[in-house]
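Me: I would like a close look at a single part of this structure. Please keep it plain and take me through it step by step.

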Amino acid sequence: MKLSVILPAKDEEGLLSTVLKDITSYLDVARLTYEVVVVENGSSDNTLEIAKACARKNFRIKVECLLEPAYGKALIRGIKKARGRYIVIFNVDFWDKKFIDLINADLLGYDLVTGSKLLSSSKDNRSLNRKLITFFFNLFLKIFFGFKGTDTHGIKAFRRNILLPIINRCRTETGIFDSELVIRSQRAGLDILELPVEIIERRSPRFSNRIFQTPADLIKLYAALKR
Ligand SMILES: Nc1nc2c(ncn2[C@@H]2O[C@H](COP(=O)(O)OP(=O)(O)O)[C@@H](O)[C@H]2O)c(=O)[nH]1
Ligand SMILES: [Mg+2]
């Protein structure tokens, strides 16, 4: 199999079936062998049932379910279950077909390609509050962790065999997992490309207490990267 798309999902009953249809329709046209792995955990709505119903209709859709809500844990489970040579991580409220096109172009030779909201040609249509958090969060990563890119959170495409050993070393399991993965990849000397994305929030964010969660996550990241 060429590509596994990982879709973490928590409380996404409003968008999930439409987004799965959109993504699989595009993948069918892109003519590559693929699977879409929905990893659900901690939902208080019908996300899991909807994911399972979609999987019954399309054998290329697979569903994984974990008991506790944890974004990083969900991604790790999805990546470990995935069978594709390439992995693309999308969000239910945000995906971009250019990352699927990149798979047919062998990721332009890179190991990891990330979507950045902070490049000059990116378009970030989220609220000012969200934009400021993203800006200061990434500034912090640069100053304290030596991060050389502009953004760690969100869409990613990579070669599974190259990233797996790095994922096995990751210690965080929350929303900060994305940052640990990218910083560890950078430190391991992988070839990383950032591409601009245009982000339009299709619903309000789910990490509701983000402003309180972010400092705690940064402490977890510091502890994880010190080892
Ligand atoms: N499996 C799982 N998915 C999650 C969790 N929290 C968020 N997600 C998913 O991760 C993606 C990004 O979440 P979102 O709330 O949009 O956060 P944002 O990236 O800050 O905009 C969406 O597909 C969510 O459904 C979680 O605890 N578990
Ligand atoms: Mg979002």
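Me: In what order do the strands of the open sheet lie, and what kind of pairing do they have?

Reply: First, the ground rules. This is a predicted model: local features need pLDDT of at least 70, side-chain atom pairs count only at pLDDT 80 or more, and totals for chains, interfaces and linings use all residues. Residues are numbered from 1 along each chain as its sequence is written, while chains are lettered from A and ligands numbered from 1 in the order in which they are written.

Now the sheet. Seven strands form an open sheet in the order β3-β2-β1-β4-β7-β5-β8. The pairing is mixed. Strands (E, at least two residues) and helices (H or I, at least four) are DSSP runs, numbered from the N terminus. Two strands pair if DSSP finds at least two bridges between them. At the edges are β3 (61-66) and β8 (192-196), each of which pairs on one side only. On average, neighbouring strands of the sheet are turned by 20° against each other, direction ignored. Axes here are lines fitted to C-alpha atoms, for helices over the stretch in contact; angles run from 0 to 180 degrees between N-to-C directions.

Look next at one pair inside the sheet. Strand β4 (residues 86-89) runs antiparallel to strand β7 (residues 156-159), and four bridges join them. Val 88 stands opposite Ala 157 in β7.

Helix α3 (residues 71-81) touches β1 (3-9), β2 (34-41), β3 and β4. Contact means that the C-beta atoms of two residues, placed from the backbone, lie within 7 Å. The direction of α3 makes about 155° with that of β1.

Follow the chain on from β7. Helix α6 (residues 160-169) packs against helix α7 (residues 177-187) at an angle of about 120°, and their axes are 10 Å apart. The two are therefore oblique to each other: angles under 35 degrees count as roughly parallel, over 145 as roughly antiparallel, 65 to 115 as roughly perpendicular and the rest as oblique. From α6, the contact uses Leu 163, Ile 166, Ile 167 and Arg 169; from α7, Leu 181, Arg 184 and Ser 185. By class, that gives four nonpolar, one polar and two charged residues. Ala, Val, Leu, Ile, Met, Phe, Trp, Tyr, Cys and Pro count as nonpolar, Asp, Glu, Lys and Arg as charged, and the others, Gly among them, as polar.

Finally, step back. The protein chain has eight helices and nine strands. Along its principal axes, its C-alpha trace spans about 50 × 40 × 35 Å.
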